[in-house]
Amino acid sequence: MALWAGRFSKEIDAGVNAFNSSIAFDARMYRQDIRGSIAHATMLGDCGIITKEDSLQIVAGLQEILSDIDSGKLEFDPNAEDIHMFVEAELTKRLGDVGKRLHTSRSRNDQVAVDLRLYLRDEIAEIRKLTKKLCCVLVKTAENHTETVLPGYTHLQRAQPVTFAHHMLAYVQMFLRDLGRLDDTTKRMNECPLGSGALAGTTYHIDRQQTAALLEFDAPMANSLDGVSDRDYCIELANTLSIIMMHLSRFSEEIILWCSWEFKFIELDDAFATGSSIMPQKKNPDITELIRGKTARVYGDLQTLLTMMKGLPLAYNKDMQEDKEAIFDAVDNVKLCLETFIPMLETMHVNKENMRAAAAKGFINATDCADYLVKKGMPFRDAYKISGTLVAQCIEKGLTLETLPLEEYQKMTPLFAEDVYEAISLETCVKGRVSEGGPSPKAVKKQLELVKAKLGMD
C-alpha cells in the first residue's frame, strides 16, 4: 500500500502508478535523499520532536540502507513511486514504527527540493573540475605554440596572422567565464528548502538553521512557498550548461574544419576518430560532430525547463517532476562531452607547417602593409587604399605581397623601401601586435600568466 494511503478507498490503477512513478530516473539521488533524511532526523531528535533514541535508530537505519545500496545488497524497487518513498518504506520495514517517525514535520515537496539541490550541487562540482581540467590542457597546448603562426579568420576568410597559442587562449577565456557562471549558480542555489513542508511550513518547532548547517547550505530559504516551488536553479544551471555546450560546439566546428584536407591544421589521434564502412581513406572527427549534435539536446533541456515552469501557479505542481529528467540529461551530456573532449585535445597532433603555409596565403599581412605607410606619415585611409590596390595586382599576377617586386610597390608611393619586406613578414606581423590581449609572444606570455593564476596552475 502507498505510504500516502488513507484518503483513498482503493488502490491506484497500475497504469496510473507507472505513469506517476519517478523511481526510474530519480533513484540516482539516493545518496542525497538519505543525507537529507539523516539531517532531518538528527534535528528532530535534538529539538525533542521525536526521542533521541528514535533519532539515533533512524540515522543508523538510514546509514545501513545507504551502505546496502552502495554495495548492491539492496536493489531499487521498480514499483516504488519515487526514491523518497522507497527509502522511507525500506526504513519502516527495518525499524517498524520508529521508521514511520522520520517524516514528521516534513513533506515530499521540501524533501525532493532539498535532494535536487544537493544532487546538482555535487554535479556542479564535478563539471567544474572537468571544465578546469579542459582549461589546463588548453594552457599547456598554448605554452607549446606561442610561435606557431596560423591565419586568424573573420567571416571564415583569412584575415590577420595570429598564433595557435593565442587561438587556444581565446577558448580558455570562454571556459573561465563558464567556471564563473557555475560558481554563481552554486552560490544562488545554496539555500536549504527543508522545513518548508508542503508549502506552509509546519506547526512543529523545528530548527531550520540546524538542518541547513548540517547539509552545508548557507542558510534556510526565506519563504516556504518559494522553498518548494522554486526551480530557478535548475533553469540557471541548464542555461550555464547550454553556454558550455555552445563553446564546445564552436571549438568542435573548428576542429572539424582543421581536420579536413582543405585545412589539415591538426590530426586527431586514431583513438579519437572513426572510419567509414565503405571508404577506406576516411578518418572522421565523429566526437566533435556528436558534441555539436548534443549541444542541441542540452538546449532542448533548457527549453523544456523554461516551458514547464512558465505557467505554474504557486506552490508545488506535479509538472515539476519533469524537471529532473531534463536537468539530469543536460548534466550527463555536458560531463560526457567534457570527458571525451579533454583527452582528444591532449592527444591531437598540430601541423605547424600547414598552419604557417596557410598564413602565407590570403594576404593576411595587408593591414600591416598599410600600417607600414602610416608609420611613415601617410593617412590610414590613403594607406588602406594603396594596400588594397597592391593586393588586387598580386591576385592578377599570381603573386603575394612578399613576392611582389619593390618597383611595383614604389609605383604606388616612394615611401616604400626595401624594409617593407621585413615589415610584412608573418613573424614581424605577429610580434608587432603587442597590444594587451594580442597574439605577440610577449602579449601571449602575459595572458598565460593571468589565466594560470586564475586556474591555480604552477
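At what angle do the axes of helix 7 and helix 8 cross, and within what distance do they come? In this predicted model, the two axes cross at roughly 165° and come within 9 Å. Helix 8 covers residues 164-189. Angles over 145 degrees count as roughly antiparallel. Helix 7 is therefore roughly antiparallel to helix 8. The crossing of this pair is left-handed. Nonpolar residues number 19 in the contact between helix 7 and helix 8. Another 4 residues of that contact are polar, and 5 are charged.

Helix 8 also holds Y171. Is Y171 buried or exposed? Its relative accessibility is 4%, so Y171 counts as buried. The cut-off for a buried residue is under 20%. Between Y171 and S440 lie 269 residues of sequence separation. In space, the C-alpha atoms of Y171 and S440 are 17 Å apart.

Helix 7 packs with helix 13 as well. Helix 7 comprises residues 108-143, and helix 13 comprises residues 322-347. Their axes are 10 Å apart and form an angle of about 15°. Angles under 35 degrees count as roughly parallel, which makes helix 7 roughly parallel to helix 13. This crossing, between helix 7 and helix 13, is left-handed. What classes of residue make up the contact of helix 7 with helix 13? The contact has 17 nonpolar residues, 8 charged residues and 1 polar residue.

A further partner of helix 7 is helix 3, residues 30-46. The axes of helix 3 and helix 7 lie 8 Å apart, at an angle of about 120°. That angle makes helix 3 oblique to helix 7. The handedness of the crossing between helix 3 and helix 7 is right-handed.

Helix 20 runs over residues 441-455. How far apart are the end C-alpha atoms of helix 20? They are 21 Å apart. At 1.5 Å a residue, the 15 residues of helix 20 should span 21 Å, so the two values agree. The buried residues of helix 20 are A443, V444, Q447, L448, V451, K452 and L455. These residues cover an arc of only 165° around the axis, so they sit on the same side of helix 20. The face turned away from that buried side carries the exposed residues K442, K445 and A453.

A453 and P220 are 233 residues apart along the chain. The C-alpha atoms of A453 and P220 are separated by 34 Å.

Several loops carry local features. Between which elements does T203 lie? T203 is in the loop between strand 3 (191-192) and helix 9 (208-214). With a relative accessible area of 74%, T203 is exposed. S105 is 98 residues away from T203 along the chain. The C-alpha atoms of T203 and S105 are separated by 7.7 Å.

H155 is a residue other than glycine with a positive phi, near 60°. The position of H155 is in the loop between strand 1 (149-154) and strand 2 (157-163). H155 is exposed, and its relative accessible area is 77%.

E216 is not a glycine, yet its phi is positive, at about 60°. The loop between helix 9 and strand 4 (219-220) contains E216. E216 has a relative accessibility of 54% and counts as exposed.

Which peptide bond near A315 is cis? The bond from L314 to A315 is cis, with omega near 10°. A315 belongs to the loop between helix 12 (286-309) and helix 13. Helix 13 is the helix that packs with helix 7 at an angle of about 15°.

Terms used. Residues are numbered from 1 along each chain as its sequence is written. This is a predicted model: local features need pLDDT of at least 70, side-chain atom pairs count only at pLDDT 80 or more; totals for chains, interfaces and linings use all residues. Side-chain values use heavy atoms; hydrogens and water are left out. Axes are lines fitted to C-alpha atoms, for helices over the stretch in contact, and angles run from 0 to 180 degrees between N-to-C directions. Helices (H or I, at least four residues) and strands (E, at least two) are DSSP runs, numbered from the N terminus. Angles under 35 degrees count as roughly parallel, over 145 as roughly antiparallel, 65 to 115 as roughly perpendicular and the rest as oblique. A crossing is left-handed if the near helix is turned anticlockwise from the far one by less than a right angle, and right-handed if clockwise. Ala, Val, Leu, Ile, Met, Phe, Trp, Tyr, Cys and Pro count as nonpolar, Asp, Glu, Lys and Arg as charged, and the others, Gly among them, as polar. The expected span of a helix is 1.5 Å times one less than its number of residues. Buried means under 20% relative accessible area, exposed over 50%, partly exposed in between (1.4 Å probe, protein chains only). The arc is that of the directions from the helix axis to the C-beta atoms.
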